[in-house]
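Hi,

Here is the structure I said I'd pass on to you.

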Number of protein chains: 2
Amino acid sequence: MGATAGKWILAPVLFLASIAATAAEAAKRPAWTFDTAEAFDATAIPAYAGRHEAAYAYIDAHQPQHIANLQRWVRQRSISAQDDGIDDMAQLLAGDLTALGFQEVELVQTPGHPGVFGYYDAGAEKTLVVYMMYDVQPVEQNWQISDPFAGTLVENELGTVLMARGATNQKGPQRAFLNAVEAIIRSEGTLPVNLYVVAEGEEELGSPNFGAVLEPYLPRLRQADGAFFPMNIQDRSGAAALNLGVKGIIYFELEARGGDWGGPVDAEVHGSLKALVDSPALRLVQAIASMTSADGNTIEIPGYYDAVRAPTLDEQRLINALAATQDDSALQKALGVRQWIDGISGRQALVRNLYDPTLNINGIWSGYTGEGTKTILPHKATAKIDSRLPPGLEPDAAYRMIRAHLHAHGFDDLALRPTSGYPAAATQADSPLVQATISVLNKYGATPRVSPWLAGSAPFYQFTRTLGLPFVFGGLGHGSGAHAPNEYMLLRPAAGVRAAGLADIEKSYVDLLHALAAARGE
Amino acid sequence: MGATAGKWILAPVLFLASIAATAAEAAKRPAWTFDTAEAFDATAIPAYAGRHEAAYAYIDAHQPQHIANLQRWVRQRSISAQDDGIDDMAQLLAGDLTALGFQEVELVQTPGHPGVFGYYDAGAEKTLVVYMMYDVQPVEQNWQISDPFAGTLVENELGTVLMARGATNQKGPQRAFLNAVEAIIRSEGTLPVNLYVVAEGEEELGSPNFGAVLEPYLPRLRQADGAFFPMNIQDRSGAAALNLGVKGIIYFELEARGGDWGGPVDAEVHGSLKALVDSPALRLVQAIASMTSADGNTIEIPGYYDAVRAPTLDEQRLINALAATQDDSALQKALGVRQWIDGISGRQALVRNLYDPTLNINGIWSGYTGEGTKTILPHKATAKIDSRLPPGLEPDAAYRMIRAHLHAHGFDDLALRPTSGYPAAATQADSPLVQATISVLNKYGATPRVSPWLAGSAPFYQFTRTLGLPFVFGGLGHGSGAHAPNEYMLLRPAAGVRAAGLADIEKSYVDLLHALAAARGE
């Protein structure tokens, strides 16, 4: 998954719900009341009971080749930010689809890196869209292996892991899914569902052209029954987190600079001139400050909270279940945070995290930032600000309210430059795709914690809204280190390690496709 | 002069007064009323009439040697920030004083670079303290000459200039003053006044140890009749600006970082966590915003304006005179500013510039400041803030009020780290030293615009308060490029250029010492 905005930004940890806000801020942040104390019970969904022994046997017999497939993918560089290996990786993916028997395989030209489209017509009743990203992040220093593109297998306390850029983000789980597809086709003759693959090579750039990849196929894709993004969602202990959506986001730069209104226009002036010369830096600070309460935690932009829709009964049940096992202290410790805002915890924290829009300074800079003292009145000041949007709060509306607020407070001299904006995406827990996913996870002893959505953001609205499909991103498996050194995916767990290995991951994907085929219609 | 705070920060341009403030802010910024419409008239001070022909003749006859003296000084590197040549320059200065006949010459050890103390006992009634700085700024790229330490003479449209680091800031005017001292001693046998020289090698570092240089000599220095800092105060056209003081300054870093109160403690967290995690960046922004009005121009720290003392009658007369020739448009154009705060001009602008304390962001930074988007909630945010202090507003009081304000607004979690702080300094226009200086300038056709003080800051309180002396920084002569490439001092003006050359500068210093000797006592 990508880490920058206008992208697929999943928070490193998952959590989420509250009833009463606190003190003076309470009037402005909504205090959601829950109508039910019932809790969603993922264990109540029967474990998938189907057995597909031929495919399982094929998987077991072909583990060396399947591991080699993952290695082949990570060995092909595909750093989108550096245009390094992109076209070769697109060709490699397209070639793999062709080899699997996809009847249609096309490279999709875009203003950026090409997309890859594939269709496997199984003559089946049900159709699944599989999303893939074939690009990876650039490589940092400090890897424990000499070459992050060598496809190195490393033995450690978890067992055998594939350590490579892209191992878990996202080549590993994606090629594991195609290994499963191969296993079904070779052992059963065809797939239980028709399969679209839509892949982009710019996920790490914020998916700027993913709409253009989908565009030629929209009428067909909209006829599908669901969309799926293969992903390792188990942690080291084997615990699985299934998130049924994401928040939306707007990300923008806010900049003050001197002009007709005042301030230095082209360059800094001496700091002693402040009594005569307006300060763009103070203007920016005042403009940002006007948007939140003094503690920075309540957004004071009129209407901003009003657009957020209330938790549905289904979401309340999910949150009640999450709250029962929520461990705020552990999450805080992992993050290096000593308390949440206002000292909240438990369900209150879960609800805030899911239903509060945010306003956050990602970066701010102006003037002299080096050692010692320099006395200047800088001519410009800039901030990178993002706002996370729960379902109901649309990006256009958020931008409109922020602009109206700045106008009402006399900050028309500031420039607001949108970088990205997309809405939230959420899939209902009772959708057949979600139910099938949970039933398969249950089969493998990986009953997930299920959240209505993540506090993080990704443009998954492309599936839920553009295509109008239920969308699941998940799957058995464990990896770590996306966007960091020593990225890995676990392939062969050591004794006692409960996170799944590659063979079980592939079998679970076999099961998932069959479960979908057997599910009652949408 | 230095350019960093905790230092001698003179604004690049000079100006200064107002009566009515504007609109809603008026209640908070003081609206000074003037009690007189009289204007100070520098031309009414008779031009110095003394003639010291022997010294003048010596100066004329020794111009090659005197120019060589300036070259010798600038050729000796003395970059305090890089400890480059400092000790050699201190020795060179001390040696020159000894050669001139100073009976006492001492290197003064400090925790930093050494000071130089010298005393020339002329057996005279009057005594002058001459301040010198022997250090220079580091050297930038992009000089038009190959070596800023070669003492290069360059012919240009102004005439012959000495182009070198330190040429005008401050070796040129200082050695010109010593050339004048030499001329008097060699031609008249002794000086008309006793002379202390106190020099430091850390002016460009903010004069952190200048107090330690003065300390051993305080009882003696306090017996003097005035203190003087040789400086070229003519512009290219020959117009002279005499400033009788400086504002004080406090310069501090304000920093918010995660801690027990909330926020990430040791490192950034994912930006999507803002709904749960306090933002140090927003806290810093809110804290700074709380200190000013929404336009950034009125300081909302209780008591801040109350401490400023009202313009005296003498200052009102100076300001009335300045207002008569104030050209705001020209100053704005030079600065690249399209209007002053609130569209003020003329006397109103002069008064604001001189009597308003300021609060200015020199720099602010937090989080990601590179290209594109990165979604983080930074764990710390820092601003470099300065406040200029008119007479009456003391540094300790300013810090106390700011801390009290932050405390009252609940910002105790922020760290306030003072970098420097010193009070304003001002000398009365009717002091004999000022009168003598103006009379000499008048003699050379360089009648100055006289301001009560600069909006810029320098620790000249060491002279006016620590020593309790009238203090003048000024003198005939023109230079430019302090702290910049192609620094120069004009030595031999081309025909038609009215700024003084070295010979006249030296003669004017001869005159000044004699004028002081002849002045009625303090």
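Let's begin with helix 8 of chain B, residues 313-325. At 1.5 Å a residue, its 13 residues should span 18 Å, and the end C-alpha atoms are 19 Å apart, so the two agree. Keep in mind that this is a predicted model. Several residues of helix 8 of chain B are buried, among them B:Leu318, B:Ile319 and B:Leu322. The buried residues of this helix pack against helix 10 (346-355) and strand 16 (448-451) of chain B.

Now for where the chains meet. 84 residues of chain B are in contact with 84 residues of chain A, and the area buried between them is about 6,500 Å², with carbon and sulfur atoms giving 59% of that. B:Leu276, B:Arg338 and B:Thr373 supply 11% of the area that chain B buries against chain A, more than any other three residues.

There are 2 salt bridges between the chains. In a salt bridge at 3.0 Å (N to O), the side chain of B:Arg338 meets that of A:Asp260. Across the interface, 34 residue pairs are in polar contact. Strand 11 of chain B gives the largest share of the side that touches chain A, with 8 residues. By class, that side of chain B has 40 nonpolar, 29 polar and 15 charged residues.

One residue on chain A is worth a click: A:Val269, in strand 10 of chain A. Is A:Val269 buried or exposed? With a relative accessible area of 5%, against a cut-off of 20%, A:Val269 counts as buried. A:Val269 touches residues of both chains, including A:Ile376, A:Leu377, B:Leu335 and B:Val337.

Cheers

Note on methods:
Residues numbered from 1 in each chain as written. Chains lettered and ligands numbered in written order. Predicted model: local features only at pLDDT ≥ 70, side-chain atom pairs only at ≥ 80, totals over all residues. Heavy atoms only, no water. Helix = DSSP H or I, 4+ residues; strand = E, 2+ residues; numbered from the N terminus. Expected span 1.5 Å × (residues − 1). Buried < 20%, exposed > 50% of the residue type's maximum accessible area, 1.4 Å probe, protein only. Contact = heavy atoms within 4.5 Å. Buried area = accessible area lost by both parts, 1.4 Å probe. Salt bridge = Lys/Arg side-chain N within 4 Å of Asp/Glu carboxyl O. Polar contact = N/O pair within 3.5 Å; in protein donor to acceptor, adjacent residues only side chain to side chain. Nonpolar A, V, L, I, M, F, W, Y, C, P; charged D, E, K, R; others polar. Lists of a residue's contacts leave out its neighbours within four places in sequence.
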